Amino acid sequence: MKRAVIPPEETARQRAYEQKILALRQGGLAHVVTYGCQQNVADSQQLRGMLAAMGFGFTDDPAQADLVLLNTCAIRDNAEQKVYGALGRLTHIKERRPDLLVCLCGCMAQQERVAEKVRRSYRLVDLVFGPQALWRFPELLYEVLTKKGRVFSIENERGAIAEGAPVVRDSAVKAWVSIMYGCNNFCSYCIVPYVRGRERSRSPEDILAEVEGLVRDGYKEITLLGQNVNSYGKDLETPLDFAGLLAQIDQIDGDFWLRFMTNHPKDTGDRLFAVMAKSRHIAPQLHLPVQSGSDRVLRAMNRGYTRASYLEKVRALREKIPQVVLTSDIIIGFPGETEAEAMETISLVEEVGYDALFTFIYSPRPGTPAAEMPDPVSREEKQVWFQRLLDAQNRFSAQRHAAYVGRKVPILVDGLSGDEAWPLSARTPGGRLVHLQGPAEAVGRFAQADIVDSNTWALFGHL
Ligand code: 5AD
Ligand code: SF4
């Protein structure tokens, strides 16, 4: 497939629109809300960068804002309901302040079904655009401001890569770097490939330059992002895969931890594990979503691996990196899943022994194959299975965390918590959360912590 890189003239045109808006408006305050995954968090940092270039400052209070931007998520129905709730609340603000600009972007906004509903029922929204048009936000907003009409830009552009947009980051310690966009896997339950388009990789030069810049600026934890980072590079002319990219980034000198997500078990393997095991910067952590422990359900999900092949990869990983912290995503109640199949998932979870899990009850996404499959099991019954999964995992996470108590562990202090008893927040190399006592000056430093307590979700320690 040909790589779709936006020509520099086009991105320069967007920078020019930022300047035109700056001249037109003389400032104002923007309220940006981000729903969903880390990719959206990274996208919001670009959107904020563009808004800053247009002269906007930022506020946490929508009632003070001149522009509200909702960067939405479509992964499950409850993510969409939250956004409709927020739009409902904004309606009242806009009644009082008709010149408030309301913009809707992100995965939910890319869907025709949603755009239709917003067109008809949420007349307060001025601008709707999907992730594929994100790089054209300045131009689209300029259109709204000059035409005084609503603008919808949700065409499927198959996706492209735009470099050089400004970024406003929200931490001085942790940074996210997208290495690729989109997904080609079409897991049968998932909306992402429809809204984020086909896989496209940023060039290794652009990625390396960004990471080098971040390290130079003092960032201590850098997380590489992609829907499936393991298929990085398949569309590049130079043959370079994700393991190769990681090995190059690992050569960068400086004091930083390197993380990445998300991984797909079908594309993960020994080459990656070998690079991780040898590396200087890569954290001993892998998020390896299994989704289900039943071979029949995995086939119906179109996941491309079996329970046995997944377990074999976990074994190989732990052989190379015994201390690795392993986490996963699980879906309970996929259409047609039986109780016995759900229990196979719980048995897999017990067999692997994950440090933590992200667990979901299946939510039908209109337009995906799974949404058309018969789904006879009631929500109540799925909830019972789900609770059994949570009980099993919580017991295990609590045990895992208890084993840290009394030990001294390396940590990165990544921020203030706002909690007086444990004023700092920190992470272990494996990414476990530590509530920490220590001085505020420690933020941004690597240190050692004495772990004194733990619960299901976190550790507690002293600097
Ligand atoms: N219903 C429930 N969970 C889903 N996920 C993706 N699509 C759905 C859906 N339709 C979960 C998967 C994925 C995580 C990001 O969200 O577990 O790994
Ligand atoms: Fe969705 Fe599967 Fe792609 Fe992940 S790999 S974004 S679950 S389709």
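Select E341 and show what surrounds it: S294, R296, V297 and G336 touch this residue, leaving aside residues up to four places away in sequence. The model is predicted, and the atoms you are looking at should be read as such. E341 sits in helix α12, which runs over residues 339-352. Is E341 buried or exposed? Its relative accessible area is 9%, and because buried means under 20%, E341 counts as buried. Now display the side chain of R296 as well. The side chains of E341 and R296 are joined by a polar contact of 2.6 Å.

Next, select ligand 1 and the residues around it. These are I75, R76, Y189, Q291, D329, I331, F360, I361, Y362, S363 and R365. Colour them by class and you get six nonpolar, two polar and three charged residues.

Go on to S363, which places a backbone N or O atom 2.8 Å from a nitrogen atom of ligand 1. Finish with Y189, where a backbone N or O atom lies 3.1 Å from a nitrogen atom of the ligand. Then put a surface on ligand 1: on its own it has 410 Å² of accessible area, and the protein covers 87% of that.

Keep Y189 selected and move to ligand 2. Y189 is listed around ligand 1 and also around ligand 2. By class, the shell of ligand 2 holds seven nonpolar residues, three polar ones and one charged one.

Finally, zoom out to the whole protein. The cartoon shows 13 helices and 19 strands. Along the principal axes, the C-alpha trace spans about 60 × 55 × 50 Å. The radius of gyration is 23 Å, which agrees with the value near 23 Å for a compact globule of 463 residues.

Colour by burial next: 55% of the 463 residues count as buried. With the surface on, the protein exposes about 19500 Å², of which carbon and sulfur atoms supply 52%. Among contacts with a separation of 6 or more, 75% are between residues 24 or more positions apart.

Methods
Residues numbered from 1 in each chain as written. Chains lettered and ligands numbered in written order. Predicted model: local features only at pLDDT ≥ 70, side-chain atom pairs only at ≥ 80, totals over all residues. Heavy atoms only, no water. Near = heavy atom within 4 Å. Polar contact = N/O pair within 3.5 Å; in protein donor to acceptor, adjacent residues only side chain to side chain. Areas by Shrake-Rupley, 256 points an atom, 1.4 Å probe, with all protein chains shown as cover. Nonpolar A, V, L, I, M, F, W, Y, C, P; charged D, E, K, R; others polar. Helix = DSSP H or I, 4+ residues; strand = E, 2+ residues; numbered from the N terminus. Buried < 20%, exposed > 50% of the residue type's maximum accessible area, 1.4 Å probe, protein only. Contact = heavy atoms within 4.5 Å. Rg over C-alpha atoms; globule rule 2.2 N^0.38 Å.
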